[in-house]
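This report goes through a model made of protein chains. Please look at the sequence and the 3D view first, then read on.

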Amino acid sequence: MKSRKVYSRLLCCVLAVFISAEAAHAVTIDNKHTLEFTAKAQTRVSFRLQDSQGFTSPKLSVGDLVQWRNIAYLEVKHDLAELMKTIDFMKPLDRWGVNVKYRIVGRFMYEAVYNVGPQELKDVRDRDKENIDSFKQAYDLWECYADFSRGPAFMRIGRQNLSWGETDVFRLLDMINPLDDTYGGIFEDLDDRRIPLWMLRGNYNFGYLGPFSSLTLEGFWVPGNWDARVAPISPDGTPYALPLAPAPVPILVETPSKVMSNSRWGARMMWVLFETANMSVGHYKSFMDLPSTVLNVDFSAFPPDAHLELYFDDVQVTGGTLSFWQSNLDVVVRSEVAMFWKESVFIPQENVPLIPTGLPIPGLEALPAQGHKTERDILRWMIGLDKNVWIRKLNQTQTFFVSMQYFGQWILNHDSRISIQPQLYPDDQRYASIRELDGTFTLLTNTTYLSGKLTPQVVVAYNARGAWMFQPQIGFLREPFRFLVQYSGIYGSFTSLGFFRDRDQISFVVTYLLN
Amino acid sequence: MKTARAFVSIVGICVLLFGFGHELFAGEAPVEVIDKTNWEKAEGLVPAALLEWIKKGEWTLPVVSEIHFNEKEFFPDYALKSFTENVGKYELDENGIIVDAKTGEMAKMIIGFPFPKVDPEDPKAAIKIMYNKQYVTYILGFKRFTTTLTWVGKNTGYERDIEAYFRDAYLTGFPGAKAYRNPRDVERYSIISVRKPYDLAGTSVMLWRYLSAKADVNFSYIPAIRRVRRTTPANRSDGFVGSDFSVDDILAYDGKIPDFDFRLIRKQEALVPFASPDTIGIEVTEEGEWEMAKDRPHLRYGYHDKEGQRAPWAPVSSIYTKRDVWVIEARSKDPYYNYGTQYMWVLTDTWGPTYKTVHDRGDKFWKFMSVDTAGYQTKDETVKFVSWLDHVIVDPRRDHGTIITLMRPETLYVINAELDLNDFSLGGFQKYCK
């Protein structure tokens, strides 16, 4: 508590310094701009546009405030090229031709909805004060890395994000960093949800080799004893939690421990083929964002002592990408394929088995049995097209960027019992099944008006089982501010995206930029 | 009384000196200022759009009879030699690609200007002039520099700016290019990285351009998805990050020459803008790079002068002098290109750009562009060259303009730069990404 007060005061002081500085200019130390301070402060307010349904808890109504997130980033960037020439212990780096830079980002976040939101959310806090108070605020050394480069070799060490693959909106090969969906769910920008990891990462450019150019080997390693964090789980009752039925038994969340065996690691090779096609192949190990569930039962007691264990299974992924520009149609084609080896799935009868007792006694019709993990190999792929289109009747000076994608999924050795964990209301024993083959389409389009000051965008996603997401937004900028109004709505079947079909909302975002 | 008279005299002299409403350079007074009272003096010497703005008082031309350096001599020695050595050495094939005149093979290493003598009767004259215009940047070797793009509106004045960092590596045009292995016949590598504002910072674009007719290869790093993506090379008439400039507008035309049809309209005399009648200082660094000196003129525009009548995008401190130009008509071969006919005014002596007018697809006048020429020189005069600095592009339909400036005190401008070609690889590009 004391440290939080200190952090708050420090944040206020730093923000005061920045805000009092001339708007839209970085604070620099030297006239070569090798050392720069920049900052961004943002407030985001969201109102629910639907009454809660099903197992969603607490029950919120249309017009309820569901988010008032305040976030600030303070960033320092420093290119050490000049300093290396003057500081003795750095001169060897300069003589060896090593370029060094570093970047540090501090993030400060406070979610005020539990203080000023509807009574239902205040009650959530009151019921679980310590957990919610911890959940609603964060003060992090968010990104902190140093870059070293010399000739064809590059290395980045520190807390960072690494994104592979060719997809937008949803992730496929881009599963290295976990996502934080707790404060805004899938309605938030992907990059805002990415959680940086302490990582060593490097690449080496082999240059030309036969038909290949820019042949590059890249690898990364997140030592498990440095960082084994996974996607956080929304506490019960928070506005973006999954709609789960109340658990009849306690829940224990098992996060990977900080041991070397829980390291994330990976390598990929990328190149341009015949100066035409970008390609890559790679393999990596990471952790799934969604936890899996197993029912653990201690039979030494009667009735048996049971708890649900939520665990984050590691997964190994092998995949590749291909992208190229098709000149006749002027489209960029993107594609990606990935095999997720032994990914955890959920088969209720295996993971959380209940054995019928035949006893007509309420509460004893079935007893929990020890569950076990279930896994399958899952093949996923994406094919996408990007095109800039002139629609001059609507915009004479800028094209419309149109991006379409199809995501496919095939579960090998499919079992018809494979399901996904939110239960089908009102039956807490029935789950939505996952088909052997599934697919989701996405469409994104945007353009700009008023010399880039006005930026409308629409994102649409459709899951083949009948769930839709529709997210139009309009951004406006007036230096040094950015304004955004965004509608997020999900409709249709209770599957995939559809689990959040009662969370439609409208959001208002104001951002202040220092530089 | 005597004191008062002296005071009035001093004030009067100051008014005379500064009353022209433009900035003077040390030791120089303009021959005259062309403004709305004497606009006829510019008739026929500037594009019609600029003349209209002079008539309205929105633009003035401080004219000098001579500048203090001979820009025709402001080229590296190898480029000066090419004025004689390259005569007749190169030709154009049916695709508009430069080939060796004797063998017909694609010319992979051209030192200096490919077509130092252009015959106006040559049906390919315009294309040759455009190639010379392109090589005038290549002859100076690698470059790295920062620029600021400033948005200005007629009613709003200064609106916003973004800062970008450019790195250009040319594999033809200057002797140093021979040191680099180039099995893919790359003409040029470029990276543009946006450094501010915060929300765009980190956005980077990389270009691989080829000597052959092969299309450019473009990559973009988009911070929002933290990934390098392949992008279309055909979208060059789109506004650059919402500005009035399109990607192709740099140096009047920065696309692939064979993608356009060019026609030489005429040669004429014009009043062309210079950043300064004097040379701008260059310092040679320890690494042998040529870096613009810190004590540089700060080019000012109408939006800096809130009391004045000039348009916010009108240069206040540029000077104008008479030079011969080629006027070239340009049309894109791409039916979806957003511009119609363009007219580019190219200096005959230095092959640099000076003016451009853009018509829309219905052939109505749409935009006007002006580019300042500048001469650079070290104190000992061993290094000297011309280069093209600030660009102004105006869209009068929207009463809006964008200024690209290199002449701020904090701007970095390094010619004959040391760049690592590894930076222009897929792996190297990651260095500029968050």
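## Terms and basis

A residue is called buried if its relative accessible area is under 20%, exposed if over 50%, and partly exposed in between, with a 1.4 Å probe and protein chains only. By this rule Arg44(A) is buried, because its relative accessible area is 5%.

The model is predicted: local features need pLDDT of at least 70, side-chain atom pairs count only at pLDDT 80 or more, and totals for chains, interfaces and linings use all residues. Residues are numbered from 1 along each chain as its sequence is written, chains are lettered from A and ligands numbered from 1 in the order in which they are written, and side-chain values use heavy atoms, with hydrogens and water left out.

## Salt bridges within chain A

A salt bridge is a side-chain nitrogen of Lys or Arg within 4 Å of a carboxyl oxygen of Asp or Glu. Over all chains, the whole structure holds 61 salt bridges. One of them links Arg44(A) to Glu188(A), with the closest N and O atoms 3.1 Å apart. Arg44(A) lies in strand 2 (residues 35-48) of chain A and Glu188(A) in the loop between strand 6 (153-160) and helix 6 (190-193) of chain A, so the pair ties together parts that are 144 residues apart in sequence. Helices (H or I, at least four residues) and strands (E, at least two) are DSSP runs, numbered from the N terminus. Glu188(A) is buried, with a relative accessible area of 3%.

Another salt bridge joins Asp386(A) and Arg334(A) through their side chains (2.9 Å, N to O). Asp386(A) lies in strand 18 (residues 374-389) of chain A and Arg334(A) in strand 15 (residues 331-345) of chain A, so this pair ties together parts that are 52 residues apart in sequence. Both Asp386(A) and Arg334(A) are buried.

Strand 8 (residues 204-210) of chain B has six of its seven residues buried. Two strands pair if DSSP finds at least two bridges between them. Strand 8 of chain B pairs in the antiparallel sense with strand 7 (residues 186-196) of chain B over seven bridges, and Ser193(B) stands opposite Ser204(B) in strand 8.

Strand 8 of chain B also runs antiparallel to strand 9 (residues 217-222) of chain B, with five bridges between them. Here Trp208(B) stands opposite Val217(B) in strand 9. A hairpin of six residues connects strand 8 of chain B to strand 9 of chain B.

## Where the chains meet

How many residues of chain B are in contact with chain A? The number is 58, and they touch 75 residues of chain A; contact means heavy atoms within 4.5 Å. About 5500 Å² of area is buried between chain B and chain A, 42% of it from carbon and sulfur atoms. Buried area is the accessible area (1.4 Å probe) that two parts lose on being put together, summed over both.

Between chain B and chain A there are 10 salt bridges. In one salt bridge, the side chains of Arg160(B) and Glu479(A) meet at 3.7 Å, N to O. Elements that each supply at least two residues of the side of chain B touching chain A include strand 6 (157-170), strand 7, strand 8 and strand 9 of chain B.
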